[in-house]
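User: I would like to learn how to read helix packing in a model. Could you take me through it step by step?

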Amino acid sequence: MPRKPTGRHPLMKPQPFSFSPFGRSVARVASAYKLKGQMPGSKFHSKNSPNTPVSNVLTPGNGFVNHALEDGSEKSESSEEEGFEGVIQADFSFFDPKPDDFHGVKPLLGAYLDDKQWDLSGFVDLILSQITVGTVVKIENNEDDGLYSVVTALNLGRYKDHKCILEIKEFLLKVCQEKEVLENLRSFVVEQAHDVGLLVTQRVANLPPQLLPPLYDALFDEVSWATEDEPTEELRNSFRFKFYLLVSRIYKNKNANQERRPNSSSDEAIIYIKPEDEIFHKFLVFQFPFAYSAGCNA
C-alpha cells in the first residue's frame, strides 16, 4: 500500500527545525534571508509521513545539474504589497496536487522559460497528474483561495514524449552557449534522461522561509518512498534519480570580479533569490548561465 494518502492530509503540530541534514541546511540559510512581507507568526502543517527512517536524497554520488541560472525577477516572486507594515497570521498546509490547482500553479510557472511561448498548460497538467511525488502549499481551511508554492520532480525519460518536456530540453540546449557544457547537457537530457529528475520549485515571494525545510524534506521523502511503493518496477525505477536538473533564477553581480580595495566589504558574485539555491549550488555537477530577457546578464 502506498505510504502517501491522497487528498487532504491530517495535521501535525508545528515543530522546531528537527528535520533531515538537508532540511537543517536550508533552515540555516533561510534564517539569513529577510523576505519582505513574510509572516513571522505563520505555522505549517505537513503531510503524513511514516515513522520509518528514510535516507536523504542528497548523499555522495547524487548531484544537481543547475542549467540556466537566470537573472531578473520572477513574475511569481515579484508581486509585493507596497507600504504594508503589519503582521499577517496564517496557517499553511501541504497538499497533494490535483487538477483543480491548475489556475493556482500556472501563474507561479509563468516565467519558467523566460518569455518563450511553449506548452505551459501541458506542463502544469503534467505536474498535477503526478500525485505520488509533489506538493502544493495552501492556507489551512482556505484551500480554494490561493496557492502559494509548488514543488515536484519529473523524470525526463518517463515523460520524454510530452510536448512540454521536449520544449524544455530544446530551450536549454539552445540557450547554453558553452560548448563543453552543451555536450554534457545533451547527454543528460537525452542519453541519461531516465536518471534525471526535473526539480520544479516555484513559490510566491513572501512565503515564510520556515516552510522550506519541511517542504523539501517532504519532496525527497516522497521520492524515496516511490522507489519502494509504486506498483510496477518501471514506475519505481522512474524515481531512482541520479541527478536533478534545476532551472532557477539568480542575480549576478557584474562588479564582483573587479579588483577589491583593501578594507572594503566585498560583494557576492551571486545573489540567490531562493535561499536553498545556495545549498544546491554546492552539489552541482555542472552549470551554465544565460541572460534573462527582462534585464541583466546571469
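Predicted model: local features only at pLDDT ≥ 70, side-chain atom pairs only at ≥ 80, totals over all residues.

User: At what angle do helix 3 and helix 4 pack?

Analyst: Axes are lines fitted to C-alpha atoms, for helices over the stretch in contact, and angles run from 0 to 180 degrees between N-to-C directions; helices are DSSP runs (H or I, at least four residues) numbered from the N terminus. Here helix 3 (residues 120-129) packs on helix 4 (residues 163-175) at about 115 degrees, the axes being 8 Å apart.

User: Which residues of helix 3 and helix 4 meet?

Analyst: Contact means heavy atoms within 4.5 Å. Gly 122, Phe 123 and Leu 126 of helix 3 meet Cys 164, Ile 165 and Ile 168 of helix 4.

User: How is helix 4 oriented relative to helix 5, roughly parallel or roughly antiparallel?

Analyst: Angles under 35 degrees count as roughly parallel and those over 145 as roughly antiparallel. The axes of helix 4 and helix 5 (residues 179-191) cross at roughly 170 degrees and come within 10 Å, which makes the two helices roughly antiparallel. In this contact Lys 169, Leu 172 and Leu 173 of helix 4 meet Leu 182, Leu 185, Arg 186 and Val 189 of helix 5.

User: Where does Asn 237 lie?

Analyst: Asn 237 lies in helix 7 (residues 233-237), and its C-alpha atom is separated by 6.3 Å from that of Thr 227, ten residues apart along the chain.

Definitions and conventions
Residues numbered from 1 in each chain as written. Heavy atoms only, no water. Parallel < 35°, antiparallel > 145°, perpendicular 65-115°, else oblique.
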